[in-house]
Amino acid sequence: LFAGQSEFVKGVVAMSGLPPADRIEVCFAGRSNVGKSSLINALTGTKGLARASNTPGRTQEINYFTQGPELYLVDLPGYGYANAPLPVVEKWQRLLKQYLSGRQTLRRAFVLIDSRHGIKKVDDEIMTRLDSSAVTFQCVMTKADKVKDKDRAAVMEQVRSALSKHPAAYPEIVLTSSEKGDGIATLRSIIAGLE
Ligand code: GTP
Ligand code: MG
């Protein structure tokens with residue numbers, strides 16, 4: 001699945017704007033700044049495909065990217081952005097709910113968790129939403145290059161324990177660094193194994 005090229009398809013703000021469900025897709029969810037766009041760039045090997053920035057909340061739309069002829073990679077808007085006005089948050093929650101329950105071709109959600117911070121309340125809320133929508137999700141730890149090995153164990157344990165409370169959680173956690181490339185091949189093969 002990762003043999004072909006990647007291209008930006010479109011940014012979607014409503015269900016009516018979704019591209020045709022003519023291939024399988026996986027989506028990437030996570031708090032603002034967790035590294036969703038950077039991970040998509042790393043997976044596709046295409047620098048600057050998904051915008052990566054230091055300004056949290058920059059990706060406000062559901063962004064669709066193709067990966068070869070058979071797969072969409074879907075970059076969901078970052079959540080937990082402290083300064084977002086309530087109507088924006090509510091609109092996003094509505095769209096997320098519709099997307100997660102209504103997209104037949106969605107095979108898995110990857111919930112990105114910062115290796116330094118672990119799971120926060122907003123992450124847990126998204127996981128509950130994924131449980132309700134019966135979308136299997138898998139945790140991807142990001143920015144592994146920013147934590148020392150000895151600090152990692154405690155965060156991983158917190159994540160593992162949180163996952164045990166979510167029926168839709170897939171137990172294997174993937175540790176990644178988009179910066180250094182760690183875990184990227186593993187994640188590609190996990191995605192390639194979905195159908
Ligand atoms: P929003 O679109 O705002 O929700 O953010 P995002 O989740 O797409 O995060 P993005 O990929 O834009 O990354 C946020 C910041 O973290 C950028 O400055 C990235 O360069 C940095 N970053 C992302 N991944 C890594 C990583 O693996 N290691 C390090 N050191 N920095 C990273
Ligand atoms: Mg982004």
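Is P20 buried or exposed? P20 counts as exposed, because 6 C-beta neighbours lie inside 10 Å, where exposed stands for 12 or fewer other C-beta atoms within 10 Å of a residue's own, buried for 20 or more and partly exposed for the range in between, with C-beta atoms placed from the backbone.

## Basis of the description

This is a predicted model, in which local features need pLDDT of at least 70 and side-chain atom pairs count only at pLDDT 80 or more, while totals for chains, interfaces and linings use all residues. Residues are numbered from 1 along each chain as its sequence is written, and chains are lettered from A and ligands numbered from 1 in the order in which they are written.

## The nonpolar core

The largest nonpolar core holds 45 residues, and F28, V74, V111 and L112 have the most contacts inside it; a core of this kind is a set of buried Ala, Val, Leu, Ile, Met, Phe, Trp, Tyr and Cys residues joined through C-beta atoms within 7 Å. Strand β5, residues 106-114, gives the most to this core, with six residues, where strands (E, at least two residues) and helices (H or I, at least four) are DSSP runs numbered from the N terminus. In soluble globular proteins, nonpolar side chains tend to be buried together.

Apart from neighbours within four places in sequence, V74 is in contact with E25, V26, C27, F28, I62 and Y64, a contact being a pair of residues whose C-beta atoms, placed from the backbone, lie within 7 Å. V26 belongs to strand β2, residues 24-30, and counts as buried because it has 22 C-beta neighbours inside 10 Å. Not counting residues up to four places away in sequence, V26 touches L73, V74, R107, R108, F110, I191 and L194. The C-alpha atoms of V26 and Y72 are 6.6 Å apart in space, although 46 residues separate the two in sequence.

## Packing of α2 and α3

Helix α2 (residues 86-102) and helix α3 (residues 121-133) pack at an angle of about 40 degrees with their axes 9 Å apart, the axes being lines fitted to C-alpha atoms over the stretch in contact and the angles running from 0 to 180 degrees between N-to-C directions. That angle makes α2 oblique to α3, since angles under 35 degrees count as roughly parallel, over 145 as roughly antiparallel, 65 to 115 as roughly perpendicular and the rest as oblique.

In this pairing, L96, K97, L100 and S101 of α2 meet R129, L130 and S133 of α3. By class, the contact has three nonpolar, two polar and two charged residues, where Ala, Val, Leu, Ile, Met, Phe, Trp, Tyr, Cys and Pro count as nonpolar, Asp, Glu, Lys and Arg as charged, and the others, Gly among them, as polar.

## Loop residues

K120 sits in the loop between β5 and α3 and is partly exposed, with 14 other C-beta atoms within 10 Å.

Most residues other than glycine have a negative phi. A134, in the loop between α3 and β6 (137-142), has a positive phi of about 55 degrees although it is not a glycine, and A134 counts as exposed with 10 C-beta neighbours inside 10 Å. K143, in the loop between β6 and α4 (149-163), also has a positive phi, near 55 degrees, but K143 counts as buried with 22 C-beta neighbours inside 10 Å.

Conventions. Contact = placed C-beta atoms within 7 Å.
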